[in-house]
Amino acid sequence: MKVSSLPNLNRETTSFPNFFTFIQDPANHHHHDTALQIDERSCDTEASETSPYKDILSPFDEMNEIRLFAGTNSVGLIRRESVQTQHNTSSVGSNQFSSGGGSATSGSVGRNPAQRLLWDLYSHPDYPESEFRRAFKMSKSTFEFICSELDPVINKEDSMLRLAIPLVSHTSEIIPVRQRVAVCIWWLATGEPLHLVSQKFGLGISTCGELVLEVCGAITSVLMSKFLKWPDEEKMTKVKREFELISGIPNVGGSIYTMHVPINEPELNALAYFNNQKMSYSITVQGVVDSKGVFTDVCIGWPGSMSDDKILVNSALSQRASSGLLKDVWIVGNSGYPLMDWVLVPYAHMPLMWSQHPFNEKVRAVQKVANEAFLRLKGRWSCLQKRTEVKLQDLPLIMYTDSLLCDFDIVPL
């Protein structure tokens, strides 16, 4: 997998937060602003009125109090702590995500029987498929596949840490891989504040934050090169044929689109992230999808004020095209993209000639594939719909994970 650092700036002292690009050959740094209408029903993670588990899940919607307990601190190795019944205070509204090493937990949330039952319920083999999909936005088989792929990596890291860091208490327990993955997927699917996630899984607030980043890092390092990659020659031939059936335009290899993900106002260089059209701060997710709407290239992290042409020119996808590797391939975008010998866009000048309307309709048919892919991306992962507790420099990792997992249950695993 090719990794580009664009731009290569200091992580701590600049608001251009060490943006990076994961690509299996090309990376696509591009920016376009089009509003997405999200189907709220696709984002519903609560128990339905007819669900047999409604009585179990509903208490978590009514919790207004968070009881925090002192737990055992550890360095690097994340453990489930044995909690004490001692009240403590915590800055729940602050950023609980950790971007580096240090203490794995800053206290654990007291667990009542319903909380213990909730995780046991999700992990039970007989838990209904429909309820599991509602909760985690993926099938049980996909969840188990992810766990099996990540298990060797996470267990290897744990083994190394155990050798270096002795357990400080016989009551400390290593958090199972399946529970780690569940915490991460739950947060991606719901975008819930970490203190609510910690209540549902009976773990510390900062522990949940660290688990999200840990699992996202493992997913991108293990699965990205397998599932988010540019089509090979055989696959590209099939993609071109299918796009031609959709639009009538030959040699179309991808449909490109960019969305904005809202962020809190950065402490540094805030104007660079302010998007005048949306009147808010954001960073961008630009992707190319194939004829099935599966992501083949993503470029993430450029600030919301950057224009489409500037991002595209600086992208690895553009570099790939300049090297002649996109010969006889059209990437179709909207009028926000520049017309190039490998980028096809609709006529934008007004008024259009009567003969230009049919061509624009064909371009829109290709664009629709990418539009629907991004609707699915944002609808499936609610963390992309709102400002979150994630630090700015960690957001690209979260967004790459969302882009990768968006196609699971669509492509064969």
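## Salt bridges

In this predicted model, glutamate 361 and arginine 364 form a salt bridge whose closest N and O atoms are 2.4 Å apart. Both residues belong to helix α11 (residues 357-380), and because they are three residues apart there, about one helical turn separates them. Glutamate 361 counts as partly exposed at 46% relative accessibility, and arginine 364 is likewise partly exposed at 41%.

The structure holds 10 salt bridges, among them one between the side chains of glutamate 149 and lysine 226, at 2.7 Å from N to O. This pair links distant parts of the chain, since glutamate 149 sits in helix α4 (residues 140-164) and lysine 226 in helix α7, 77 residues apart. Glutamate 149 is partly exposed, with a relative accessible area of 22%, and lysine 226 is also partly exposed, at 42%. A further salt bridge joins the side chains of glutamate 242 and lysine 292 at 3.9 Å, N to O. Glutamate 242 lies in helix α8 (residues 233-247) and lysine 292 in the loop between β9 and β10, so this pair ties together parts that are 50 residues apart in sequence. Here glutamate 242 is buried, with a relative accessible area of 18%, whereas lysine 292 is exposed, at 55%.

## The β9 and β10 hairpin

Strand β9 (residues 280-289) pairs with β10 in the antiparallel sense over six bridges, and valine 288 has aspartate 297, in β10, as its bridge partner. Five residues lie between the two strands of this hairpin, where glycine 293 takes a positive phi near 80°. Strand β10 (residues 295-303) is mostly covered, with nine of its nine residues buried.

Glycine 191, which follows α5, has a positive phi near 65°.

The largest nonpolar core has 85 residues, of which Phe136, Leu188 and Trp381 touch the most other members. Helix α7 (residues 205-227) gives the most to this core, with 13 residues. Beyond its neighbours within four places in sequence, phenylalanine 136 is in contact with residues including Ala182, Ile185, Trp186, Ala189 and Trp381. A second, separate core of 14 residues includes Met236, Val329, Trp342 and Val345.

## The chain overall

The protein chain contains 12 helices and 12 strands, and 55% of its 413 residues count as buried. Among contacts with a separation of 6 or more, 74% are between residues 24 or more positions apart.

Terms used
Residues are numbered from 1 along each chain as its sequence is written. This is a predicted model: local features need pLDDT of at least 70, side-chain atom pairs count only at pLDDT 80 or more; totals for chains, interfaces and linings use all residues. Side-chain values use heavy atoms; hydrogens and water are left out. Helices (H or I, at least four residues) and strands (E, at least two) are DSSP runs, numbered from the N terminus. Buried means under 20% relative accessible area, exposed over 50%, partly exposed in between (1.4 Å probe, protein chains only). Contact means heavy atoms within 4.5 Å. A nonpolar core is a set of buried Ala, Val, Leu, Ile, Met, Phe, Trp, Tyr and Cys residues joined through side-chain atoms within 4.5 Å. Two strands pair if DSSP finds at least two bridges between them. A salt bridge is a side-chain nitrogen of Lys or Arg within 4 Å of a carboxyl oxygen of Asp or Glu.
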